[in-house]
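Let's take a walk through this structure together.

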Amino acid sequence: MAVAAAAKVIGSKPSECFQFQDPDTWICNTELESDVVVEVGEISFHLHKSQLISRSGTLQKLINESTGDEDDGKQCTVQLDGIPGGPEAFRLAAMFCYDVKMELNAGNVVQLRCAAEHLAMTEEYGEENLVEQAEAFLSQVLGTWNDAVRALHACDAVLPDAEDLLIVPRCIDSLASKACADPTLFGWPMLEYYTAKSLEETAVWDGVSAAAGKPRSLGADWWYKQASSFRLPVYKRLIAAVQSKGMSPENVAGSLMHYARRHLSGLRRHGDRHSDGSSRGGASGTTTVLSDGDQRTLLEEVVAMLPAEKGVTPARFLLGLLRTATVLHASAACRDALERRAGNQLEEAALEDLLIPNTGYSAETLYDVDSAQRMVEQFMMTSTSAFAASPEITDEGHLLDAPSAELMPVSTVAKLVDGYLAEVGTDTNLKLSKFQTIAALVPDYARAIEDGLYRAIDIYLKAHPWLTDSEREQLCRLMNCQKLSLEACTHAAQNERLPLRVVVQVLFFEQLRLRTTVAGWFFVADNADQGSSSDNCVLPRRTGDDDLEDFAAGSEETMNEDGLASARHGELSPPAMSVEEVRQRVSELDEVRSSMRQEIRKLEKPKSALCRVLAKLGLGLGGRSSSRERRQQQQTMPLPGASDKRRRSFGC
């Protein structure tokens, strides 16, 4: 069952004794005529001196000063300025003086306590006076979460009196203690709000709720929503209090994220997928729309309060704050802090989060590429220092010996950078030097396959057709042609935007890969034949084309990264490519080579160095030999990895 909100009724006389009359006048209906008028702001209270003097030291002093030596029966007027809570608080205090029934609750006890202190309604002017009764009830209010929240909200109207009476720090300390406690251990009265809400949403069967006595379980974030309804100064003090009481950094960060999403319109406008509707308000159900200046101040304060531990704040939220900080023109220190924190955990980010619009008046590019560059630099700097203890990670030759868990973040960021370059590469204002700088930040060992970088380079070349040949070659030097996949090589071989030298390199490495693969088959076939001959005492025989097809169809070999087949534990794995696939690929390369020869003939006389490269690939321009002659030349070309006795003729 939900615990009822704290309330207390004091007084014995009916409340009808106090009546409100126009214009702005309160009167007390008694047998005696009013002899004092107390003016509080624009409201006048027609009361009796005897009742007020017997309870309030302040009113006793003011009335005596107003009447002086005049007849006591004459009506006097007292101006009461600066009373906390205004006319409403004074009305409750006056009702207490007349012993009229009134209700104390979490919403009015703070104002009444401050008003009683201002009116000096202490034990000196009557037993069980208003100060003592309000103080006792306030202690009861602070025992429950929901009432303490209401009391802390009520303090906003009576500052700084609530500060002087230590009501604000007492409320904050009470809330912090309850937020840090485990609600499942003690059955805190803080469950009242959430349990009542769950019971209201539960269907009632025969007048009895089926969920009665079964309050829903609360997670660590149960206090986020109501805490986010406080003003920033109060909320900062609450966060400091929960941190001092040992709350985990994850819970502190979660509360700050909830608070920021509720009050920063930029985070809501960009559709943070973690938002759960908290922007619609907390206890009061509404959220005041802050000005840009107030939002900028709030954002800077939230960033300063975020826990310093890495990983407790998601990178997506940090980048959302950075985007909002850019729009609000937050301080440089705030943006630098966000870039540094987001850069340290950049592997958690998504591409859409990294695309931060450039809002500067003098901005040339659509997105803030400088900010992205600084975050990548920060990540690589921390990653390099983390990998310093493992030299094998930075050595490409020992890359396979490095733990995959250590390389995973760098590889993830490499893919993120390649995707980012492909996205910003369409911007015609993006300078070549900036593109090269960002791409070069990723170490070579982080990219196992460079298809993503090739795609980004191709997009940039398409968006910048005015680049010179030297600039195109300079850009393509970022890419390692040996790490391109088969699909990327096929696309690059037919890509007119790439420099001719790069296309030649792609074809060269593709042919070298195919030759190495075929040579690996022959190497394993040779070992298999030798093993068979040793068992059956038969000399190895020469394998023909039909034998090679039978071997490829029935073998269970696997190719290692050098293209050579390896057998482990006496078992063979299937080849990476079948003979038909290799022949088809060779045919495609021949067609590409023929088309390139025709294009090269149309060009001017090529440089000697390029001619030597083309000659090595069989793309020489000097001769017009027939297809039969070319096949004879290819048949005499030795295959790497094969023994002298097992050299085969296979057109590559």
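**A guided tour**

Start at helix α23, whose buried residues are Leu453, Tyr454, Ala456, Ile457, Asp458, Ile459, Tyr460, Leu461 and Ala463. Here "buried" means under 20% relative accessible area, "exposed" means over 50%, and "partly exposed" is in between (1.4 Å probe, protein chains only). Helices (H or I, at least four residues) and strands (E, at least two) are DSSP runs, numbered from the N terminus. Helix α23 covers residues 451-463, so 13 residues, and spans 18 Å from its first C-alpha to its last, close to the 18 Å expected at 1.5 Å a residue (the expected span is 1.5 Å times one less than the number of residues).

Before going on, a word on what you're looking at. This is a predicted model, in which local features need pLDDT of at least 70 and side-chain atom pairs count only at pLDDT 80 or more, while totals for chains, interfaces and linings use all residues. Residues are numbered from 1 along each chain as its sequence is written, and side-chain values use heavy atoms, with hydrogens and water left out.

Now zoom out. The chain has 30 helices and eleven strands, and buried residues make up 45% of its 652 residues. The largest nonpolar core has 153 residues, and Leu47, Phe90, Val110 and Trp223 have the most contacts inside it. Helix α21 (residues 404-424) gives the most to this core, with ten residues. A nonpolar core, by the way, is a set of buried Ala, Val, Leu, Ile, Met, Phe, Trp, Tyr and Cys residues joined through side-chain atoms within 4.5 Å.

Let's stop at Leu47. Leaving out residues up to four places away in sequence, Leu47 touches Phe18, Cys28, Ser34, Asp35, Val36, Val38, Leu52, Phe90, Ala94 and Tyr98, where a contact means heavy atoms within 4.5 Å. His48 is in the loop between β5 (43-47) and α1 (49-53). Is His48 buried or exposed? His48 is buried, with a relative accessible area of 5%.

Next comes helix α8 (residues 167-180). Its buried residues include Ile167, Val168, Cys171 and Ile172, and among the elements covering the buried residues of α8 are α4 (109-118), α5 (130-141) and α12 (232-244). In the loop between α6 and α7 you'll find Pro160, and the peptide bond from Leu159 to Pro160 is cis, with omega near 0 degrees. Most residues other than glycine have a negative phi, and most peptide bonds are trans.

Finally, look at a helix pair. Helix α13 (residues 249-263) and helix α15 (residues 292-305) pack at an angle of about 170 degrees, with their axes 11 Å apart; axes are lines fitted to C-alpha atoms, for helices over the stretch in contact, and angles run from 0 to 180 degrees between N-to-C directions. The two helices are therefore roughly antiparallel, the word for angles over 145 degrees. Leu256, Tyr259, Ala260 and His263 in α13 meet Gln295, Leu298, Val302 and Met305 in α15. Also in helix α15 is Arg296, which touches Leu328, His329 and Ala330, not counting residues up to four places away in sequence.

Terms used. Angles under 35 degrees count as roughly parallel, over 145 as roughly antiparallel, 65 to 115 as roughly perpendicular and the rest as oblique.
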